Amino acid sequence: ATDYQTTKYFQENIEPLDRYITPFISFPSILNQNSFLRKATGGPDGYIYFGFTAMYGAGLLTGNEKLQEAGILTTKAVMESYVVSHLLLKSMVGRHRPQRVLGDFGGSTRESSFPFVESPLDFFNWHINGLGSSAYGTGFPSYHATMYYTIASVTSQVFDNYWIPYTTMTLLWCYNIEGHNHWISEVVSGIVIGEFIGRVVYENYHQQR
């Protein structure tokens, strides 16, 4: 109900703060052999993927079961987040992302024309999402919010520590915050869905054990 107002405020007052941070933070590609590897292993996402892979490897080498558990469950949770958020919900809900900047009809930025829209009620633009991403009807929910808070949920339960996982994932989500380009409700929904997936993955694992 308040998406237009809250998102407009966020665009105008919160997102610009990111420009003071990104010049000092760098995520160079871990692997540079070809364009796919450069894209997949650069940015915060690439470092996250390598992070939980490294956790599992370190767990194997040291015999640390918690590190192994965190690596396995995080991988599973990220895969489930991708299926639920990106492949299913984005395709079914088909909500268009907000124009940047809301209320600016002059088209001063790259994200100011269709399928970026002024109305927060532009739902049900049904389509089938592929492995990649496009702008058309892919607003709800925020996949990055889903993935990051799924990781935070799982690792916080495995290590019984909430401050480090949630603080780290929040900071990573805030990196290049303008690039996410979502209505506020989509971010909140992604956080809730991610938290739910993380808890289900963790509880199912321990019930089976």
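Colleague: What distance should the 25 residues of helix α8 (residues 184-208) span, and how far apart are its end C-alpha atoms?

Modeller: This is a predicted model. At 1.5 Å a residue, α8 should span 36 Å, and its end C-alpha atoms lie 37 Å apart, so the two values agree.

Colleague: Which residues of α8 are buried, and against which helices do they pack?

Modeller: The buried residues of α8 are E186, V187, G190, I193, G194, E195, I197, G198, V201 and Y202. Their packing partners are α4, α5 and α6 (163-174).

Colleague: How is the packing of α4 with α5 to be described?

Modeller: Two packed helices are described by the angle between their axes and the distance between the axes. Here, α4 (residues 65-93) and α5 (residues 143-159) pack at an angle of about 155 degrees, and their axes are 9 Å apart. Since angles over 145 degrees count as roughly antiparallel, α4 and α5 are therefore roughly antiparallel to each other. The crossing of α4 past α5 is right-handed. By class, their contact comprises twelve nonpolar, seven polar and three charged residues.

Colleague: Is S81 buried or exposed?

Modeller: S81 belongs to helix α4. Buried means under 20% relative accessible area; S81 has 0%, so it is buried.

Colleague: With which residues is S81 in contact, leaving aside its neighbours within four places in sequence?

Modeller: The contacts of S81, with those neighbours left aside, are H86, Y143, T146, M147, T150 and I197.

How values were computed: Residues numbered from 1 in each chain as written. Predicted model: local features only at pLDDT ≥ 70, side-chain atom pairs only at ≥ 80, totals over all residues. Heavy atoms only, no water. Axes fitted to C-alpha atoms, helices over the stretch in contact; angles between N-to-C directions. Helix = DSSP H or I, 4+ residues; strand = E, 2+ residues; numbered from the N terminus. Parallel < 35°, antiparallel > 145°, perpendicular 65-115°, else oblique. Left-handed = near helix turned anticlockwise from the far one by under 90°. Nonpolar A, V, L, I, M, F, W, Y, C, P; charged D, E, K, R; others polar. Expected span 1.5 Å × (residues − 1). Buried < 20%, exposed > 50% of the residue type's maximum accessible area, 1.4 Å probe, protein only. Contact = heavy atoms within 4.5 Å.
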